[in-house]
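Good morning, and thank you for coming.

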Amino acid sequence: LIISRLKAKNFAVYSPSLDIQFKAKREKHLWVFEGLTGNGKTTLFLTFIWGLYGDEGLEFHTRLRAGGPKKAIDMVSRQAIKNGDSHMSVEIHFEHDGRKYILQRFVQPKKTIIQYSSDYVELVRLKDELGRELDLPNERVREILPLEASQFFFFAGEVLQKYAEPTSSDTRNAIEKVLGFPEIRSAINDVRYYQKELTASIRENEASTSAIRTETQGLEMLQDDIERLTKEIGERRTRLAAVVDKIPELEAQLRGFEEVRELQLKSEDRQHRKEFLEEEEKRLRDDKYDRIRRLSFLIARKYLRNSFDTFREQSDLDAAELGIRKTEPLVRAIESLQKSERCWCGNPIHTSERNNLHKIQEIYEKQLSSFVEKSKNRTTPSIEELSHAMGFLNGLDADYGRIDRELAKIRVEIGDIDSEIETIDKKIQDVPVQKVRITKDQLDKSNEMKGSLASEISERIRMLDRDNRAKEDTKRRIATIQIESKAVDAWRTKLTGAGQVIDALEYVLAKLISEKRRVIESEASKALKAMAAREITWDKITISDDYTVELHNNRGEVIPRASLSDGQKEILALSFIEGLKNASENSAPVVIDYLLGRLDTKYQDNMANELPNLGEQVIYLVLNSELTDERRRTLERECCAWFTIEKDPKTELSEIVARV
Amino acid sequence: MVAEKLSDILQEAEIKHGIPTGLLGELIKEERLRLYQIKRKPLKEEVRIIFERYEDKP
């Protein structure tokens with residue numbers, strides 16, 4: 001990764017914008033940015049970091065630095081916010097593996113007033129040289145230079161010492177990432193997993209041999225079962241056919257015997273008829289007897305009543321004639337009195353007496369006329385009544401005749417029925433009752449057996465179907481297992497291949513670790529000698545298994561870490577980083593923030609000479625006071641461009657000015 | 001320089017273990033893409049595919 005351009009907008013003191021081109025010149029690859037304390041060197045350093053890794057990178061690179069961890073919100077230019085612009089962006093143009101890319105990172109405010117990181121949204125875009133936007137921009141940047149590995153390329157003097165101390169697990173992981181070991185370890189693990197899968201498949205297949213045996217035994221058992229069931233079905237079908245043949249014969253026999261039943265029914269019917277007729281006969285006889293018994297009474301009563309009526313009417317008539325005889329003289333006497341108008345004593349009749357006589361006359365006349373009327377209506381027993389009585393007798397006679405005829409008819413029918421019943425009984429007596437019962441039993445049993453056999457046959461057919469399906473399934477399983485058995489040879493070959501790949505990868509890893517350690521030690525020792533030429537007793541640097549750096553003297557002894565000054569430790573750390581970068585799979589610019597001034601004076605000149613050789617692109621952020629005239633000349637000779645970082649004391653904003 | 005070293009080592013491995021350099025290189029490259037989450041699915045299936053691709057090769 002080589003950076004060709006850095007652009008920024010509203011990044012802390014670099015507001016409104018920053019634009020630096022990194023143009024290489026004649027094999028030179030050092031860029032120097034000189035500035036006073038507080039002018040913006042560390043801010044420029046963080047511009048690279050945030051541009052490449054965003055908030056996560058910013059935090060990672062500032063957590064051990066003065067001021068503590070920072071986030072994008074801390075970097076947005078206060079001046080810009082004051083001016084109402086809260087947008088911040090960094091754009092890095094870089095080249096990697098011969099291809100050009102542009103990485104753009106922005107923060108956009110979500111609110112008018114910004115207080116928290118969550119008030120911003122961070123966006124990132126990675127475009128290739130054709131302007132196509134690539135997916136997973138953050139991941140792709142990390143693949144080029146992992147964030148953890150970036151600490152060996154982007155560093156400040158103040159955090160260097162830790163690399164001269166025993167390594168922490170984080171640092172060890174970062175070193176391994178730089179050296180490209182994790183991917184080989186993962187590959188080994190994955191191939192091992194593949195090997196396990198193959199082993200499991202082969203084991204399953206081996207198990208399948210016994211599975212075939214078991215399945216074959218199962219198949220044989222099923223076959224035996226199928227044969228048994230088929231035989232049983234055949235036997236039962238034969239028996240069923242025999243039973244089915246026999247049933248119509250028995251039914252025919254029973255139908256013959258059924259006539260007896262009909263006769264029995266007929267006999268019963270006749271018997272019932274006979275009983276009915278006998279009842280009817282009795283009723284008629286009773287009726288006749290009743291009529292006979294009541295006859296004299298009916299006749300006598302009728303004549304008695306007639307005689308009584310006649311007698312009474314005769315009495316009434318006699319009384320009427322008597323009344324006439326008595327009343328008539330009275331009426332005549334009254335009429336005479338009225339005519340004479342004198343009483344029998346000779347006295348004249350007065351008006352009141354006349355009126356009384358008149359009333360008495362009216363009463364007697366009325367009585368007389370009544371008696372006369374009764375006398376006129378005198379009756380005698382009529383011929384009609386006699387004829388009525390005769391009619392009644394004739395009716396009775398007719399009834400007797402009818403009843404006698406009906407009785408005779410009934411007797412005849414009863415006689416017929418008796419003879420009929422006698423005939424039927426005789427016929428019934430001729431039928432073999434025992435045989436009917438036996439035949440009936442036989443038919444019942446045959447029907448029962450027919451049902452039972454049909455049920456047994458259908459049950460066995462069901463079992464046969466089930467066994468046949470199971471047989472087909474078993475055959476399929478056996479076929480599958482046999483096919484898998486054929487694959488086992490291929491799996492064994494693959495397993496051998498996987499084992500060889502693991503061996504090869506382990507060989508590659510071991511060899512790579514050994515080779516990279518050799519390179520680190522060799523290059524670190526070389527850098528050490530260049531940077532600390534004055535330490536004539538220092539011989540070489542070695543790396544332990546956990547990547548802890550050891551410094552050896554020319555007698556082959558390890559120089560105790562405690563005996564080293566801070567400056568010496570920083571030289572040791574720088575040497576290790578130099579070795580590590582040489583052994584690294586990654587290629588990236590080396591960006592150093594304030595280094596020389598931290599070293600012991602005796603190393604500063606050598607370090608100044610060594611700076612241009614620290615990488616393919618070295619960006620050095622230097623404090624004015626770090627530079628003596630000689631160091632300045634040394635660096636000027638080696639640099640592509642020299643920039644000064646100038647700050648406006650009024651606005652507190654900085655700008656970068658190209659000096660050389 | 002180091003990349004060259006890696007390819008040298010892979011070639012050594014091929015000579016020593018008979019595994020093609022391409023197969024080993026491809027496995028390591030695939031793992032790297034997953035390590036940096038550019039490819040996110042597990043490599044297990046990929047390993048099988050890579051193996052099968054190299055199966056027919058001498």
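I begin with a definition: accessible areas come from the Shrake-Rupley method with a 1.4 Å probe, and for residues only the protein chains shown count as cover. By that method chain A exposes about 36500 Å², and carbon and sulfur atoms supply 50% of this surface. For chain B the accessible surface comes to about 3400 Å², with 53% belonging to carbon and sulfur atoms.

Please keep in mind that this is a predicted model, in which local features need pLDDT of at least 70 and side-chain atom pairs count only at pLDDT 80 or more, while totals for chains, interfaces and linings use all residues. Residues are numbered from 1 along each chain as its sequence is written, chains are lettered from A and ligands numbered from 1 in the order in which they are written, and side-chain values use heavy atoms, with hydrogens and water left out.

Let me turn to the two chains. Helices (H or I, at least four residues) and strands (E, at least two) are DSSP runs, numbered from the N terminus. Chain A has 13 helices and 14 strands. Chain B has three helices and zero strands, and its pattern along the sequence reads α-α-α.

How much of each chain is buried? The term buried means under 20% relative accessible area, exposed means over 50%, and partly exposed lies in between (1.4 Å probe, protein chains only). In chain A, buried residues make up 41% of the 660 residues. In chain B, buried residues make up 41% of the 58 residues.

Contacts are the next topic, and a contact means heavy atoms within 4.5 Å. Of the contacts in chain A with a separation of 6 or more, 71% are accounted for by residues 24 or more positions apart. In chain B, residues 24 or more positions apart account for 29% of the contacts with a separation of 6 or more.

I now come to helix packing. Axes are lines fitted to C-alpha atoms, for helices over the stretch in contact, and angles run from 0 to 180 degrees between N-to-C directions. Angles under 35 degrees count as roughly parallel, over 145 as roughly antiparallel, 65 to 115 as roughly perpendicular and the rest as oblique.

At what angle do helix 6 and helix 11 of chain A pack? Helix 6 (residues 169-179) of chain A and helix 11 (residues 566-583) of chain A pack at about 40°, and their axes are 8 Å apart. Helix 6 of chain A is therefore oblique to helix 11 of chain A. On the side of helix 6 of chain A, Ile175(A), Val178(A) and Leu179(A) take part, and they meet Phe576(A), Leu580(A) and Ala583(A) of helix 11 of chain A. In this classification Ala, Val, Leu, Ile, Met, Phe, Trp, Tyr, Cys and Pro count as nonpolar, Asp, Glu, Lys and Arg as charged, and the others, Gly among them, as polar. The contact of helix 6 with helix 11 of chain A has six nonpolar, no polar and no charged residues.

The second pair is helix 12 (residues 601-610) and helix 13 (residues 629-638) of chain A, which pack at an angle of about 20° with their axes 9 Å apart. That angle makes helix 12 of chain A roughly parallel to helix 13 of chain A. From helix 12 of chain A, the contact involves Thr601(A), Gln604(A), Asp605(A), Ala608(A) and Asn609(A), and from helix 13 of chain A, Arg631(A), Thr634(A) and Leu635(A). By class, the residues of this contact divide into two nonpolar, four polar and two charged.

Because its relative accessible area is 29%, Asp605(A) is partly exposed. Leaving aside residues up to four places away in sequence, Asp605(A) touches Thr628(A) and Arg631(A). The peptide bond from Ser15(A) to Pro16(A) is cis, with omega near 5°, and Pro16(A) is found in strand 2 (residues 14-21) of chain A. Asn10(A), in strand 1 (residues 2-11) of chain A, has a positive phi of about 55° although it is not a glycine. Is Asn10(A) buried or exposed? At 2% relative accessibility, Asn10(A) counts as buried. Tyr547(A) also has a positive phi, near 65°, and lies in the loop between strand 9 (538-543) and strand 10 (549-553) of chain A. Tyr547(A) is buried, with a relative accessible area of 7%.
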